[in-house]
Amino acid sequence: MTCTLKIYRRNMTNLNQIKEEICDIGCRLYNRGFGAANDGNISCRIDEDRIVCTPTGICKGFMRPDDLCIVDMEANQLAGHRKMTSEIRQHITILKHRNDVRSVVHCHPPHATAFGMVREAIPQYLMPEAEIKLGEVPIVKYTIPGGQEFADVILPFLDKSDIVIQANHGTVSYGATVEQAYFLVETLDAYCKIVLLAHGLGQVRHFTKEEADALLEWKRANGYKDPRCDSADVAFRESWQESGVGRRVFSPPPFQSDNPSGK
Ligand SMILES: [Zn+2]
């Protein structure tokens, strides 16, 4: 009995901590301008069958732990006085597909979303941090938010990237913790902002082939997964046609070709 009580208390503490963390990240997300008004949603898996998630129609900057919902892995709401986010199915798709992921963050970071709106492939080989923390970031085709198609559209990318840009919408990122999932958005949006500023100043200069290879080699040696470590070509090029993505604003690095055959 004592043992059960201890476990119960520990789980409750854990649940409360996760709820607090979601509110904290929601605040950071809102203050960064990644979600205006009620935009965005956050979730975190708490055990095999349950997820804590943000409710629909709430400002992420002013949430309290009691506002959050608990849902099961089939998108049934189990607890919470507010209605769960309508985009929970996409979170569940990610959580079911990636056993290493516990948290999903969706928001509308302006600089990264601008690339998704123009459908301009995120330039690569310009900053070491972006190459190491993000790798190549795919832009997935636009679908109406909330339905199963919206949830499934990111499936082909889940094993290759921890963050995707949704065309004409925003980003979805996922990681072992809420903060880890959120940091990917911060990194991506800061990178997109710097790239746009640099582009306004003049022509951006890419790494040389040797410098780019050295970064990929470092990732390989340090256990980072990156599809570019297996193929020197653009990992997501095959999806460009379906999502309307191209390189119309930024030129490819001099050692990459824009010929769809990759030659
Ligand atoms: Zn959204």
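Close-up 1. R119 is partly exposed, with 18 other C-beta atoms within 10 Å. A residue counts as buried if 20 or more other C-beta atoms lie within 10 Å of its own, as exposed if 12 or fewer do, and as partly exposed in between; C-beta atoms are placed from the backbone. This is a predicted model: local features need pLDDT of at least 70, side-chain atom pairs count only at pLDDT 80 or more, and totals for chains, interfaces and linings use all residues. Residues are numbered from 1 along each chain as its sequence is written. R119 sits in the loop between α3 (110–118) and α4 (128–133). Helices (H or I, at least four residues) and strands (E, at least two) are DSSP runs, numbered from the N terminus. Phi of R119 is positive, near 60°, and R119 is not a glycine. Y125 lies in the loop between α3 and α4. Y125, also not a glycine, has a positive phi of about 60°. Y125 is buried, with 25 other C-beta atoms within 10 Å.

Close-up 2. Strand β1 covers residues 41–45. 5 of the 5 residues of β1 are buried, so the strand is largely enclosed by the rest of the structure. N41, S43 and R45 point one way, I42 and C44 the other way, and all are buried. β1 pairs with strand β2 (residues 50–53) in the antiparallel sense over 3 bridges. Strands pair if DSSP finds at least two bridges between them. R45 has I51 as its bridge partner in β2. β1 and β2 form a hairpin, with 4 residues between them.

Close-up 3. Strand β5 (residues 103–107) is mostly covered, with 5 of its 5 residues buried. One side carries S103, V105 and C107; the other carries V104 and H106; all are buried. β1 and β5 run antiparallel, joined by 4 bridges. In β5, V105 is the bridge partner of I42, and H106 is that of N41. β5 and strand β8 (residues 170–175) also run antiparallel, joined by 5 bridges. Y174 in β8 is the bridge partner of V104.

**Close-up 4. The largest nonpolar core.** A nonpolar core is a set of buried Ala, Val, Leu, Ile, Met, Phe, Trp, Tyr and Cys residues joined through C-beta atoms within 7 Å. The largest has 54 residues, of which I22, C53, V105, V185 and L188 touch the most other members. Helix α6 (residues 178–201) gives the most to this core, with 9 residues. Leaving aside neighbours within four places in sequence, C53 is in contact with residues including N41, I42, S43, L68 and H91. Contact means that two C-beta atoms, placed from the backbone, lie within 7 Å.

Close-up 5. The buried residues of α6 include A181, V185, L188 and C192. At 1.5 Å a residue, its 24 residues should span 34 Å; the end C-alpha atoms are 35 Å apart, which agrees. The expected span is 1.5 Å times one less than the number of residues. The axes of α3 and α6 come within 7 Å and cross at roughly 70°. That makes α3 roughly perpendicular to α6. Axes are lines fitted to C-alpha atoms, for helices over the stretch in contact, and angles run from 0 to 180 degrees between N-to-C directions. Angles under 35 degrees count as roughly parallel, over 145 as roughly antiparallel, 65 to 115 as roughly perpendicular and the rest as oblique. H111, A112 and F115 in α3 meet L188, D189, C192, K193 and L196 in α6.
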